[in-house]
Amino acid sequence: MLPQRADVVVVGGGSCGSVVAARLSDDPDRSVLLLEAGPGYGPSDVPREIRDAATLPVGPGSDWVAAYPARLTANRAAIVVRGGVLGGSGAVNGAYFVRARPDDFTRWPRSWSYDRVLPVFREIETDADFSGPFHGASGLVPVSRTPEELLHPVSGTFVEAASSAEWEWVDDLNAPGPDGVGRVPMNVRDGMRYGPSLAYLLPVVERSNLTVRSDTRVVRVVLSGRRAIGVEVEDGTGTRRIAAEHVVVCAGAVCSPQLLMLSGIGPAGELRRLGVEVRHDLPGVGSGSTDHPEVTIPYRLRRDVPLRAPLLETVLHTSGLELRPYTVPFGAAIPGSGVVDPVLGVVLTRPRSRGQVVLDSAKPWSPPVLDYNYLGRREDRDTLRQGVRIATGLLDAMHDLVEPGSVDAAAGGAGPSDAWLAAHLGTSLHLSGSCRMGDDENAVVDDRCRVRGIEGLSVVDTSVFPEVPSRGPHATAVMLAHRFAASVHDDRHPE
Ligand SMILES: Cc1cc2nc3c(=O)[nH]c(=O)nc-3n(C[C@H](O)[C@H](O)[C@H](O)COP(=O)(O)OP(=O)(O)OC[C@H]3O[C@@H](n4cnc5c(N)ncnc54)[C@H](O)[C@@H]3O)c2cc1C
């Protein structure tokens, strides 16, 4: 049975929602209800695919994802997936747990400067490899890297090629320092992916003041004037209302703007087009999103290599780019994806282009469209072109392992054409910024994640990032949710 009210209703049990629900229920006097649209599990029946860090269960037919139609460019359509299960995208992701860089936070409000967030990054992790001023030893997320002597042949050969091309070796990618090549920090222990549902939520799921309901979609935040007073849910048995003092939306960068708009909070013109009553005109909802465009360069190997390994063990960072030597073909790591050739990924880490999340319909079950607007800016195309040139040079230098002539000649030479880039384009699945934090007219939440102009309503997930960080967003998402929960706690228990 669903409770009829809770002090806090958390919408979405993904990466951030798991952290928020667990941390807010630390206070036994606060009742917390976590509502997740996708399927759930308990501590004793975590699905194997969600535990196994070497598999990303996001291929066709997966039970653990939600799929969305996307336009990568004006002419390039795609289907994009995100976690649609307890644990969200963090339950199915690549387990690459690297922090945003210090200068990423210059785009955030001052209260989120690097100095202010570093203690939180330390608090969330237990790093198996590093200690000292940049690392934590007692946090809930285990962080480790593949030992150098155990690196997969693709990773080891990539590091050698990058080092001989004079890229600096970076021992610790989670500490400030120069760009270069290094080992990826992963939220993995004993081969298990420790996303926030495993690290934060399941250990406390039996608490009497915490209720977790999966297969339950929130279809609307209920407002009374300018105050959120609860949510309306659908769970297969019908629609019902749940009252709350505080609604915390953690539905992710696609569904958080969707839910706000379905609730009448968003750009007034868009809401009218959809036939939704305008409750609060907030123009920034859904717009100005950022993600990392990624082009992949296929190649062939000279010899067999192990087909089971963490998908990404090492990366090379240059200003504006991340080069990713995926260890195994996507077909081996993503069941059903069918991609047989190994690929080297080239990621634009500081894209200039901005996208948006567009609703086609006011029906809650109708998936929004992701309009990425990738490659719209010349600077983005040129930086990616430069990245592809670096990548083909590295593949040439990996000749012990990479079959000569197996890399598409059109990728090298003077650099790939715009058409080549578009044909090899994908996304790193790091969508951010569709309900941006800030104080300008397009900001959706303030620096404490409170929806501007509405009482009792917060958004806490990567949608509030001012911009996608120049690294994978997951560690930063966990930091955000952890810190948000601390601020709610401090409000209730002032010093
Ligand atoms: C395949 C894949 C691989 C990735 N790999 C990496 C990586 O290796 N490293 C990295 O840093 N980042 C990675 N990312 C990105 C990272 O995992 C996400 O940015 C992060 O997990 C997002 O967290 P979130 O809390 O914002 O949203 P999510 O974790 O997506 O959570 C949103 C949750 O809300 C639920 N929900 C949505 N709407 C409703 C509703 N109306 N009612 C109730 N529930 C709802 C969803 O089902 C979902 O569980 C990857 C993402 C994907 C999809």
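Which elements each supply at least two residues of the lining of the second largest pocket?

1. They are β1 (5-11), β14 (239-249), β25 (457-459) and α11 (474-492); helices (H or I, at least four residues) and strands (E, at least two) are DSSP runs, numbered from the N terminus. With 5 residues, α11 gives the most to this lining.

2. This is a predicted model, in which local features need pLDDT of at least 70, side-chain atom pairs count only at pLDDT 80 or more, and totals for chains, interfaces and linings use all residues. Residues are numbered from 1 along each chain as its sequence is written, and side-chain values use heavy atoms, with hydrogens and water left out.

3. The lining of the second largest pocket has 20 residues, with E245, H246, G456, V488 and D491 nearest the pocket centre. By class, 9 are charged, 6 nonpolar and 5 polar.

4. Around the ligand there are 35 residues, and S15, E36, S89, Y96 and H474 are the closest; a residue counts if one of its heavy atoms lies within 4 Å. The shell comprises 15 nonpolar, 16 polar and 4 charged residues.

5. A ligand oxygen atom is 3.0 Å from an N or O atom in the N93 side chain. Another listed pair puts an oxygen atom of the ligand 3.2 Å from a polar backbone atom of T462. A ligand nitrogen atom is 2.9 Å from a polar backbone atom of V218.

6. Two or more shell residues come from each of α1 (15-24), β4 (76-83), β12 (217-224) and α6 (252-262). The largest share, 3 residues, is that of β4.

Conventions: Polar contact = N/O pair within 3.5 Å; in protein donor to acceptor, adjacent residues only side chain to side chain. Nonpolar A, V, L, I, M, F, W, Y, C, P; charged D, E, K, R; others polar. 1 Å grid on protein atoms, 1.4 Å probe; cavity = no way out; pocket = protein on both sides within 12 Å on 5 of 7 lines; lining within 4 Å.
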